[in-house]
Amino acid sequence: MSTIVSLPDQSTARLPKVSYLNKEYGLKSWLLTGDHKRIAVLYMISITFFFFIGGAMAALIRLQLLTPYSDLLAEDTYNKVFTAHGLIMVFFFLVPSVPATIGNFLIPIMVGAKDLAFPKINLLSWYLYVAAGIMMLCVLTFGGVDTGWTFTTPLSTHYLNTNVVTAGLAVFVAGFSSIFTGLNFIVTIHRMRAPGMTWFRLPLFVWSHYAASILMVLGTPVLAITLVLVVLERTIGIGVFDPTKGGDPLLFQHLFWFYSHPAVYIMILPGMGVISEVISTFSRKRVFGYTAVAFSSVAIAVFGFFVWAHHMFIMGISNYSALVFSLLTMLVAVPSAIKIFNWAATLYKGSITFETPMLYAFGFLGLFTIGGLTGVFLGSLGMDIHLTETYFIVAHFHFVMVGGMLMAYLAGVHFWWPKITGRMYPEGVSRLAAVTTFIGFVLTFFPQFVLGYLGMPRRYAAYPPEFQVLNVFSSAGATVLGIGYLLPLLYLTWSLKYGKIAGPNPWQATGLEWQIQSPPLTENFEKTPIVTHEAYDYEWLANKTKNEVTTVG
Amino acid sequence: MQHFISPVLWQFLVKWLTHFAIFPPEASTIAPYADALYFFLIVISVIGLGAVAFLVAFFSIRYRQSRNPVATQIEGSTLLEATWTIIPLILFMITFVWGALLYFRIYSPPPNAMNIYVVGKQWMWKIEHPGGQHEINALHIPIDQPIQLTLISQDVFHSFSVPAFRVKREVIPGRYNTVWFEATRPGVYHLFCTQYCGTLHSQMIGWVYAMKPEDYQAWAAGSTSGHSLAQNGERLFASLGCNSCHNSTPNAHGPNLANVYGSHVQLANGQVTTVDDAFLRDTILNPTLHEVAGYAPIMPTYQGQVSEDGLIDLVEYIKRLDSNYRIDQTIDNSAGQPVQTGATPGGTSAPPLAPGAVKP
């Protein structure tokens, strides 16, 4: 079984006369749209906006940490800056990043449907996100908040006089936008698959979104309840978390991490879906062990709910419960290892090319592997005692969230950019951006592992002078990383007007989304597709192309 | 190089780039165990990452399109997948067992540990030695002697971290946490608060002074306030009126507290519980939490009337109450300081009775 796939000649490609982008014009047609593709674009613009706000905060953090003293920002300001960075990046960028943009755009097309199951709820989800975003901007404008993104009680409930309530409510509202997205995906994947699209013909992108959606729908309400309790505690003093009233501050930790650990998987699973698509496409080969990769997503989602107390190993939970949570943490690492090796094996006997999405995917493989393995350090009980709450943690979750998820997001944006806009991004400069991002990332965050083992605590505005050199390396890397992120913003915007016309299937990928015009029609398909082939069936694609050529000729 | 930049700047750069820490000092009995696990984890990470990097790089070169224009479709391989499920699983299980053993070692204090109290508050560490030495942001300890810290916060979460000892423990309001270590090398080590605790979180730092036992003796003798914690506790006990009920008269309203520490008491709900520091603290602040069988629940709460330091004094006093209330009164505290006696009930150290102290 072998397949030759060569990329089509794009010089003859023309933009389609009618597409979702030009069917209607005017602001109103966008703001009142029910079209999942337009909502995805709205989401993409909004999360990009918040990404660069969060990124500016990161720049301030790294500038502050260039010297051991709190000389650029006062302590309070520094605390507000890292809180804003965490809140914005987690709740306003990472959680919605792939699902609400690329997922929103592609899930209906991939399952062969006209739209998501509840288009109006989808639009509502974006409005909730925007409302939450405006609340968060108000928080930043009117004095900020300095709880840290974790809202740790009793600090957040009794000891701070910043905008904790507004920030908590903003995250509460943003949570509902995520619940609605997840709900929409679950119903769409269950009920709206095209004829012939069985569960095991779904692209792995859909599987990973399904797993993430389950986490969103089951986990986010717990966060919502927790934040409401924090707000009530702060405003009327109900005392659930207050030891002087018989409450238990550890209860907050349990509730918060019951959401916030699965949230890590909410963030990373959709990214893993992107990687499956990209690696398959650019090695022209089906994903090695489809079933294993699909079920490992579900396994991560299930196990992900039972590891939350590994954030609390040093907090005085019983030694035996720590034992159980450590064991489960080790188990949740296994499905991720399976995925990594299956992706590597996908390359075996492929026919590999190295377009930008593939470079980002390779970056993901390396950085996510480091992030995952350092997670094993932290899941190991005795090691966690020394490493937790230091820069080792910071480096670990940035490797997973930024090195993993953000790389996957950028891989996805580049990969589907021709589908979303109908135009190609410039290949040369985007490869440069991918490499810059990788180098900048490693230089920024690798020294932080060393700092962490030295014991440098996180969230310090000032630090002992012997840690300075490593911090300077890190800040220098952040500069490179910043350039790596600005480049796509510039050349992708440029490509909207000047990019080459992409044509329907510039990568010769097998997904249903590549069999329709780029950009797609509002209805996605001219007629309901009937699916007769499995995902990643490159022979089917080759035959289909051959037939098309004969008909046209 | 010297020709291009000023020699002073050159010297500065060389010094700066060659004098930075990359590995923390190993200064406790735990540290070598923690570091051994760390190096094991680094080795398996390097192997894992190396395997992935090798596969990706090798396949990318071997199967690049210019060399291999035709992809061969492969379904998968259960055997291979089982291999890369089971090998990581085994490695992770070894890590789990190893980490668990280390965790139990770090969090199980030996019975002869010397107890020191730590109160965290925004933004300082208050250290209270039973002998009456009070320190802020500094902790003096003898080496080669297990030290147990009983930690509590009087406001928000803090976390007590000494990287050179590889130990850390969350310091939580309303709850005694403990941690122990045994320093092996004299020196001065960083003490950090690692849980974000508000504005001056990054200034809630201090130093741990690990000293040779004889130096420690000298320090302890020279730094005492003159009143042991138990003596402070006794005064507090009297001024709060505790002794009006908790006395040894036959018709006392409250239980006699002599020798109560470490004993098992029957609660009104039938449970039997051990009296430890946390039990004593809880019953002072919230008497209805553990109602002792046989006594009417008439004790008022002392919530808000006693500081965390005061509670430590009371707990320390009740701990040492082994026959009646006057036992500690005659201790001449300035005479000698915590020599480890090691055999007191409850596993805590006691300042030695001064020569001539009599149990009446």
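## A tour of chains A and B

Start with the largest nonpolar core, which has 272 residues. A nonpolar core is a set of buried Ala, Val, Leu, Ile, Met, Phe, Trp, Tyr and Cys residues joined through C-beta atoms within 7 Å; buried means that 20 or more other C-beta atoms lie within 10 Å of a residue's own, with C-beta atoms placed from the backbone. Select A:Ile88, A:Met136, A:Ile275, A:Ala361, A:Phe364 and A:Ala411, the residues with the most contacts inside this core. Then colour helix 14 of chain A (residues 391-421), which gives the core its largest share, 22 residues. Helices here are DSSP runs of H or I with at least four residues, strands are runs of E with at least two, and both are numbered from the N terminus.

The model is predicted: local features need pLDDT of at least 70 and side-chain atom pairs 80 or more, while totals for chains, interfaces and linings use all residues. Residues are numbered from 1 along each chain as its sequence is written, and chains are lettered from A and ligands numbered from 1 in the order written.

Zoom in on A:Ile88. Leaving aside residues up to four places away in sequence, A:Ile88 touches A:Phe50, A:Ile53, A:Gly54, A:Met57, A:Phe93 and A:Met136. Contact means C-beta atoms, placed from the backbone, within 7 Å.

Now show all of chain A. Chain A has 17 helices and 1 strand, and 63% of its 553 residues are buried.

Last, select both chains. Here 78 residues of chain B are in contact with 85 residues of chain A. Helix 3 of chain B supplies the largest share of chain B's side, 18 residues.

Note on methods: Contact = placed C-beta atoms within 7 Å. Buried ≥ 20, exposed ≤ 12 C-beta atoms within 10 Å, placed from the backbone.
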